[in-house]
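Take a moment to look over the whole chain before turning to its parts.

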Amino acid sequence: MEKRSGAKLSDATVSDWVLSGAPAHEFEHLWAYVEALNESAYGNRPPEAAEADRKVWRALWSRARETTASDGSARRQAPNSREHAAAEQSQGQTVLETRELPGWPVRDVRDPFALEVQRAIEALGDDETSPLPVLPVYVEREHDALLRASVFDARQGRSTLVTLIGGSSTGKTRACWEAVQLLPDDWRLWHPIEPNHTDAALAGLQQVGPRTLLWLNEIHHYLLTCDPALGERVAALLRELLRTPGRGPILAFATTHLDDWARLTATSAAPHDTHPQARALLTGAGVSARIPDQFVCEPEALALAAQTDPRIAEAAFADDGQLTQYLAGVPALLKRVERASPMARYLITAAVHLRRLGHGLALPAGALEATAYTLAPDHTWNEHAPPGWLETALKYLSAPCRGVPGPLTLIRARPGTPEPDQPLYRLSDYLFELGRYELRHKCPPTTFWKAALAHAHTDGDRQALAQSAYEQGRVRVSASVSDGTDLLRLHDRASAYVLGQEADKARAENALAKIGDERASGELQRNAFMRYVYRRKEAHCLERLGEPERAAAVWRELADQGDTDAFVQVGRHRLARGQRTEAERWFRQGAEAGEDDAMQALVFLLAEDGLFDEAAEWTERIARPAQSGDIYAYSRLAYRFEWAGNLSQAKIYFRKAIDAGLVDCYQDLIRLHLEEGDIEGARRLYAEAIEAGETTGPMMRAEKHGEHTEADDLAFTARDHGRTMQPLQLLLLHRLRQPNTLALGTALARKAIDAGEAFMVKAVAGELSQAGHHRAVEALQRIFDEVDAVADP
């Protein structure tokens, strides 16, 4: 094996590692092995992702060598007493403490603004003769008790994560700063941000020592990544750090917005569950608190603070009780935007679009100028964009508002880092949160996408924007960027819907050609590990190309070698050919080896045979642990019970699914109660479902009564809050299946595509095609052509 690192790796070396547990004496050999695994799993990835991986593995390898050196050969023996285990933990802790650890001593952290605590407005009439503290007097609220308790637990040796969830400028970061003041001086604080949030975390988490506070302000920057595997790796490392006794105590403070929390913690059926590690981290490894927009506290405490600090006295009269937003300068910020020139406002709109479509925090001036131009109508450009307009607008938008940052903030280069080739700006968090909600169903024109891709700050920003373009049906715009494969040769196809299918086919054909080249070179014959990797990839490609017999032959070969996933693939092939007994045998082998997909396939067969007790046992194994299991297993078994006529057990498993977080099942449970005549029980469940955000029932009632706009709003409500896509998909199918609502269906499809749900609409098209609704499929193909139309030069 020889990878980009240049290291050559023999079969014998890999066998020693995997089968005998031998250590990797050379890092480059280990990295060659990791590169091969990454290439098999993710294909070609951005260079920065590979470099971040390399840093993580270098850290792991270095730590393992240090630990081995300190413990000697005794580490190879299993501990035979509690004293031995305690000594081992102590030795590991000593190794961590003798190295340079990430972060700084808490006693040296004195600047709250370096940790992104927001500045407060200047007091009206302040003549600076009696300067006020940089931060207003702090007034405690309910969530402060949770932060204090977490600090107490950490001082007692217990690791924990606390996440504060709320809108921008609600005081989340300030509350964490106040809790930091309760930590002893021997603690450290680490805020990973350089070169970016994700890479910094990946590179440093393995070096974090005991008694460290992880400052994860806006944790979504670490977990919601263009390549989901990177964010999942950060989440997994954090989970491991928090649960490993020898590395604690660790305290982590995190903040995030409501929409980002919903995205990270929403449950989805495999393989669409993109954030299982993040969900397990946020909901299973820590505690959280919701911070309301309104400032709720003890009136006496607020009155006392107002007597001491004139800023508090002024903010106490803020509209809707939004005291912290007033202190953060939100009214002044909104007034600044309201009074801006038309082109300055288009700069803000362009900045919101860039950020919500995947661009990072640092927005180049060139990107803002180019994208704002594409949004402005001709008359606005001609009347309000004289020479020098950009400099004037940026100066106006970046000026402070009553002492707090303006709508755009110029980003200064850190000491020791090179100056950027053009000015970089950061959009106000409040304006971003407000704007991304208002624009959530809007898709900018093709000219915007082209300008954004041409002027993106980094390759990672460009990749993220291209992925968003693809998700919004702009296949042609994204094709040459999305995965490094040039698919422009396919652009003469008549239909963008077909184009997406042809792109997938082209990728599979290219991969098979590459495998053929490797086989012809003799590399696969010389290297057993790479032969295995490429055989799996070959089987998947053959399936995508519609050659199931050839794919099944490859899977059988891999199954004979002990690949548990291959058991599932062979079983599915046998089942498709009507060989049910053989299929069950393969599924059972995979299930007993711990393969979830095999367990689920076995559950289906057992339920068909009426063996529900065994089916239920396997279902519990699939769905647990609660934070990372496949909770859809509960609903799938519930449907099987219903089809068998056992409604009591069906209700039990629909309730299990709901309790695990699958709110889609409320409508099924309500339906069963109505079928049994339990009207009162159905009403209670209906109220409970609406409270949980399940909108299917109200949506379909509105649709039935011709209130189509109301139905649209309800369909998107669940989707916009990260709860479920099912209502939107159900409404789309309902309209497209009926000739009299076809126009409404295509309009809804266009809205869904513009909101970033092109994949869901394509899935609906596939379902309609199988059911013979060819007119509806043709209508959807025209919609894809329309949204993907190449703009005139």
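The accessible surface of the protein comes to about 37,500 Å². Carbon and sulfur atoms account for 51% of that area. The model is a predicted one. Of the 793 residues in the protein, 49% are buried. The secondary structure consists of 41 helices and nine strands. Now take the contacts between residues at least 6 apart in sequence: 68% of them join residues at least 24 apart.

Next comes the interior. In soluble globular proteins, nonpolar side chains tend to be buried together. Here the largest nonpolar core holds 46 residues. Which of its residues touch the most other members? They are Leu347, Leu368, Leu394, Leu408 and Leu427. Several elements each supply at least two residues of this core, among them α15 (330–338), α17 (365–375), α19 (389–398) and β9 (424–427). The largest share, eight residues, comes from α16.

A second, separate core has 40 residues. Its members include Ala607, Leu637, Phe641 and Cys665.

Go back to the largest core and pick out Leu408, one of the residues that touch the most other members. Leaving aside residues up to four places away in sequence, Leu408 touches Ile348, Ala351, Leu368, Leu394 and Leu397, among others. Its contacts also include Ser398, Tyr425, Arg426 and Leu427.

Leu408 also belongs to a strand, β8 (408–410). Three strands form an open sheet here, in the order β7-β9-β8. The pairing is antiparallel. The edge strands are β7 (363–364) and β8, and each pairs on one side only. Between β8 and β9 there are three bridges. In one of the pairings, Leu410 has Tyr425 of β9 as its bridge partner. Where does α16 sit relative to these strands? It lies across β7, β8 and β9. Its direction makes an angle of about 85° with β9.

Finally, look at the cysteines. A disulfide is a covalent bond between the sulfur atoms of two cysteines. How many disulfides does a search of the whole structure find? The count is zero. Two cysteines can still be placed by their accessibility. Are Cys443 and Cys665 buried or exposed? Cys443 has a relative accessible area of 18%, so it counts as buried, the cut-off being under 20%. Cys665, a member of the second core, is buried as well, because its relative accessible area is 3%.

Key
Residues numbered from 1 in each chain as written. Predicted model: local features only at pLDDT ≥ 70, side-chain atom pairs only at ≥ 80, totals over all residues. Heavy atoms only, no water. Core = buried A, V, L, I, M, F, W, Y, C linked by side-chain atoms within 4.5 Å. Buried < 20%, exposed > 50% of the residue type's maximum accessible area, 1.4 Å probe, protein only. Helix = DSSP H or I, 4+ residues; strand = E, 2+ residues; numbered from the N terminus. Contact = heavy atoms within 4.5 Å. Pairing = 2+ DSSP bridges. Axes fitted to C-alpha atoms, helices over the stretch in contact; angles between N-to-C directions. Areas by Shrake-Rupley, 256 points an atom, 1.4 Å probe, with all protein chains shown as cover. Disulfide = S-S within 2.5 Å.
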